[in-house]
Amino acid sequence: MDLSPSVIWLLIGVIFCLIEFVVPTAFVSSMMGISALIVAAIAGLLPLGLQVALWAVLSVVLVLASRRLVRTRASRNLDATEAETLTEIPASKTGRVLFEGNSWAARCDDPGVTIAAHQKVYIVARQGTTLIVMPQNVLRS
């Protein structure tokens, strides 16, 4: 089966966009996917080397443009909201929490604390698509 460059770029674009649904990357994967979809639309008009160069340039431009859509500073909540850890959140690392029916990347506000899976946590801030949490037992003490 011989796939045309347009079909290959279309598949690459769809894969990158789907990755964004599974692993939130602050729009990077989706922008690379959108760039691949644009290249797929004009792949028949350009040689392969120019297609790759156009994809790379479009990806960088779209990623930089999308950065304005993502807040980079933490937004502090006045009222902490509860969530539950889906995975362990190791000290100074990222894990996953269930919040409002969705899985979110999460990091503990205290870099020295590890939070076990299936624990109640309070969301104390948000940095982009990462929730900053504290274990329920620490805040109740």
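Predicted model: local features only at pLDDT ≥ 70, side-chain atom pairs only at ≥ 80, totals over all residues.
User: What makes up the protein chain, in helices and strands?

Analyst: There are 4 helices and 5 strands. Both are DSSP runs numbered from the N terminus: helices are H or I with at least four residues, strands are E with at least two. Reading from the N terminus, the order is α-α-α-β-β-β-β-β-α.

User: Why does Ser 29 count as buried?

Analyst: Buried means under 20% relative accessible area, exposed means over 50%, and partly exposed is in between (1.4 Å probe, protein chains only). Ser 29 has 8%, so it's buried. This serine sits in helix H2. Setting aside residues up to four places away in sequence, Ser 29 touches Phe 16, Cys 17, Ile 19 and Glu 20, where a contact means heavy atoms within 4.5 Å. Across the 141 residues of the protein chain, 30% count as buried.

User: And what makes Val 28 partly exposed?

Analyst: Val 28 has 25% relative accessibility, so the label is partly exposed. Val 28 belongs to helix H2, residues 28-42. Beyond its neighbours within four places in sequence, Val 28 is in contact with Glu 20, Val 63 and Arg 67.

User: Why are H1 and H3 called roughly parallel?

Analyst: Two packed helices are described by the angle between their axes and the distance between the axes. Helix H1 (residues 5-22) and helix H3 (residues 48-66) pack at about 25°, with axes 12 Å apart. That angle makes H1 roughly parallel to H3. The rule: under 35 degrees is roughly parallel, over 145 roughly antiparallel, 65 to 115 roughly perpendicular, and the rest oblique. Where they meet, Pro 5, Trp 9 and Phe 16 of H1 face Gln 51, Val 52 and Trp 55 of H3. Those contact residues divide into 5 nonpolar, 1 polar and no charged.

User: How do you know what to call the arrangement of H2 and H3?

Analyst: The axes of H2 and H3 cross at roughly 140° and come within 8 Å. H2 and H3 are therefore oblique to each other. Among the residues making the contact are Met 31, Met 32 and Ile 38 of H2, and Leu 54, Leu 58 and Leu 62 of H3. By class, the H2 and H3 contact has 13 nonpolar, 4 polar and no charged residues.

User: Why do Ser 92 and His 118 count as exposed?

Analyst: Ser 92 has 51% relative accessibility, so it counts as exposed. His 118 has 56%, so that residue is exposed too. Ser 92 lies in the loop between strand S1 (75-85) and strand S2 (94-99), and has a positive phi of about 60° although it isn't a glycine. His 118 lies in the loop between strand S3 (102-108) and strand S4 (120-127), and its phi is near 65°, a positive value in a residue other than glycine.

Note on methods: Residues numbered from 1 in each chain as written. Heavy atoms only, no water. Axes fitted to C-alpha atoms, helices over the stretch in contact; angles between N-to-C directions. Nonpolar A, V, L, I, M, F, W, Y, C, P; charged D, E, K, R; others polar.
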